[in-house]
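Thanks for coming. I have one structure to go through today, and I will keep it short.

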Amino acid sequence: MRRITAFLAFLLILGLLPCPVRAAQLDIGGKSALLMDVATGTVLYEKNAHKPQYPASITKIMTTLLAIENCSMGEIVTFSHDAVFGIEMGSSHIGIDEGEKLTIEQSLYAIMLASANEVSWGVGEHVAATLSDFADMMNARAKELGCLNTHFTNASGLEDDNHYTSAYDMCLI
């Protein structure tokens, strides 16, 4: 399925697949989807694009955006007790210890490549002092980007009933 999706996206990019007529005929298995031309904002395909959904680890896209916008890559993140032990048992992590230090650049690699929840939390604390303040920053940035169906409560995407976004809003982010 991934190969077919990649091939269709390639055809869309080359302009060999007329849009939105053919794109509208796709049947995406997910609950929500959006294919947008980033240069023009033209929606090429959508399925429940504005319906709020639980974003899970794609939350980390906003976390890394805020880190990039507010930090230099060489800044040092020191991981707190809360960051290390506040994540759900068994959730994705890289085994950071309390007091351990990583640069922002190393932290971003851990977040985006290993989906490290404790690193997401630590980066949130580094940027905004508390995870709650970081979530407020995430929500403010989402509004600046035009998001209408998004509310973040944490930096990692760990489950929370008040943590949601839509396919359309994620395209904006």
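What joins the side chains of Glu 75 and His 126? A polar contact of 2.7 Å does; the term means a pair of N or O atoms within 3.5 Å, where within protein one must be able to donate a hydrogen and the other to accept it, and residues adjacent in sequence count only if both atoms are side-chain atoms.

Before going on, this is a predicted model, in which local features need pLDDT of at least 70, side-chain atom pairs count only at pLDDT 80 or more, and totals for chains, interfaces and linings use all residues. Residues are numbered from 1 along each chain as its sequence is written, and side-chain values use heavy atoms, with hydrogens and water left out.

Back to Glu 75. It lies in the loop between α2 (59–70) and β3 (76–78); helices (H or I, at least four residues) and strands (E, at least two) are DSSP runs, numbered from the N terminus. The side chain of Glu 75 also reaches the backbone nitrogen of Ser 72, at 2.9 Å. Glu 75 is partly exposed, at 28% relative accessible area; buried means under 20%, exposed over 50%, and partly exposed in between, with a 1.4 Å probe and protein chains only. Leaving out residues up to four places away in sequence, Glu 75 touches Asn 70, Leu 102, Thr 103, Ile 104 and His 126, a contact being heavy atoms within 4.5 Å.

Now the cysteines. The structure has zero disulfides, a disulfide being a pair of cysteine sulfur atoms within 2.5 Å. For Cys 171, the nearest cysteine sulfur belongs to Cys 147, 10.0 Å away. Cys 171 is partly exposed at 32%, whereas Cys 71 is buried at 12%.
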